[in-house]
Amino acid sequence: HDDGFTIYSQGYRDLVEGNSLLYNGEMGGVLVWALGFNITSNLIQGQSYLAPWKDSAGIHMQEPGQWYTNVTWTWILGPSNSKSIRTDTSSTVTEPGRYSTISHCVFLGTAACTIKGNNHSVTHNTGDSMDVVWDWGAIHDHNSHSTTAYNGVERQESRGSASGTLPGWAGVNACSDMYGCNPENASLPDWLSGQLAAEAVIVCDELEECYHGRVTAGFPQEAARPLAVDFRPKPGSSLLLEVQEEGYDEYIGAYSRAALPELPGCTREGLMPFPVPTDSPPQVLPSPTYPLPPMAPPVRVKNASRSTSFNMLGDLTHVWLRNLHFFGTSCCGAVGPSEVTHRTWAANDDIRLEGCHFLYSPSELSLLTTERGARGSGGYLLLHNNTVAFGEKGSLYYKANGANVSQNYFLFN
């Protein structure tokens, strides 16, 4: 899409779960456009790979999209010059986005996770860089009522903070500046404050395994494929706490010692062979975590004049596309004019794409349930168990209400 997101959503209270976004060229991963999203258990790696820095993110929440949106159990890994998570705020607005929850996420090898707005909860994350903004644009008290706690993020800073400390309630964090990221530690009970490190914490040194994928050129061997990295604290780590009262947690960071970290993202086994003309049989990698399309055929497959081979026009409902292969083309076009006399806009509802494969598409996968631009005006959309690979001009663009985008692969678009 022109604005550069792998999942360009104009949805409302959508579920984005268990998707793998691997080495896509758009500047951002998932755009959160309206309130109430639940974004969980996704893997985003190498977003906008090798591109220069852009003010976008793996998960990019616009102001209306921050309200009551939850981002949990998601890994956002480099190499990438985009931010990991961003609660975006215009420099001119005076009313910020509020009430986002960012918890149990891992962000390493990207530009800094950036938190603007207020009343956010940022807890139990593991990462290398985070900016909890205080003074920026027309708002001079960002995050004054946000909570930042139990984060194992090595560099935690606050743009515009005169005191050099994080705003709001910030405590029980592990970072390279223990005072700056923990201004509230003095209010903690003695049994807890006595366990917290007094000196700088090198977060990666405290973990069973870490991930180093931040590069600006080349293709590092360790970043060539996603791996199930063990981000648990080591035995005896300063990230582990002995709790003596209820209401406190036993660990800092995304995972406890007792947890069993699993690679998030699409869990589908293998990749269905694509029926393309080729001199040799399609090749499918056996790895369930990094499927690739088969060998490229020795023919030209892209035809811009046939960019959309299936269009949904008019007022449609219960349209299900299952197990189809789109080769050098895409789906599903724009919403056509309404034939319902009492309204001026068309609307589709209950549109489902399951088990479909899109390879070498010259345009984005476009799924629109409404012509209207208002948030919450669309119909239901299910996008499940699909693969979109090596496409141009974006990966997915949709308008819906309560959409379910789950268990999909977006690869090298």
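Student: Is Y68 buried, exposed or partly exposed?
Tutor: In this predicted model, Y68 is partly exposed, with a relative accessible area of 48%.

Student: How many aromatic pairs does the structure hold?
Tutor: There are 12 aromatic pairs. One of them joins Y68 and Y99, and that pair is stacked. The ring centres are 5.4 Å apart, with 5 degrees between the planes.

Student: Where do Y68 and Y99 sit in the chain?
Tutor: Y68 is in the loop between α1 (63-66) and β8 (70-72). Y99 is in the loop between β10 (83-87) and β11 (101-103). They are 31 residues apart, and the pair links distant parts of the chain.

Student: And what is the relative accessible area of Y99?
Tutor: For Y99 the value is 36%, so Y99 counts as partly exposed.

Student: What kind of pair do W73 and Y255 form?
Tutor: W73 and Y255 form a tilted pair, 5.7 Å centre to centre, with 50 degrees between the planes.

Student: Is Y255 buried or exposed?
Tutor: Y255 is buried, at a relative accessible area of 6%.

Student: Which residues form an aromatic cluster?
Tutor: F327, Y360, F390 and F412 form one cluster.

Student: What sits over the ring of W136?
Tutor: The charged end of K116 does, 3.4 Å from the ring centre.

Student: Changing topic, where is V93?
Tutor: V93 is in the loop between β10 and β11, the loop that also holds Y99.

Student: What does V93 touch?
Tutor: Not counting residues up to four places away in sequence, V93 touches E63, A138 and I139. V93 and A138 are 45 residues apart in sequence, yet their C-alpha atoms are 6.2 Å apart in space.

Student: Last one: where is S9, and is S9 buried or exposed?
Tutor: S9 is in strand β1, residues 5-10. S9 is buried, with a relative accessible area of 1%.

Student: Which residues are in contact with S9?
Tutor: Leaving aside neighbours within four places in sequence, S9 is in contact with D14, L31, W33, F37 and Y398. With Y398 there is also a polar contact of 3.0 Å, which joins the two side chains.

Key: Residues are numbered from 1 along each chain as its sequence is written. This is a predicted model: local features need pLDDT of at least 70, side-chain atom pairs count only at pLDDT 80 or more; totals for chains, interfaces and linings use all residues. Side-chain values use heavy atoms; hydrogens and water are left out. Rings of Phe, Tyr and Trp (its six-membered ring) pair if their centres lie within 6.5 Å; planes under 30 degrees apart count as stacked, over 60 as edge-to-face and the rest as tilted. Helices (H or I, at least four residues) and strands (E, at least two) are DSSP runs, numbered from the N terminus. Buried means under 20% relative accessible area, exposed over 50%, partly exposed in between (1.4 Å probe, protein chains only). A charge sits over a ring if NZ of Lys or CZ of Arg is within 6 Å of the ring centre and within 35 degrees of the ring normal. Contact means heavy atoms within 4.5 Å. A polar contact is a pair of N or O atoms within 3.5 Å; within protein, one must be able to donate a hydrogen and the other to accept it, and residues adjacent in sequence count only if both atoms are side-chain atoms.
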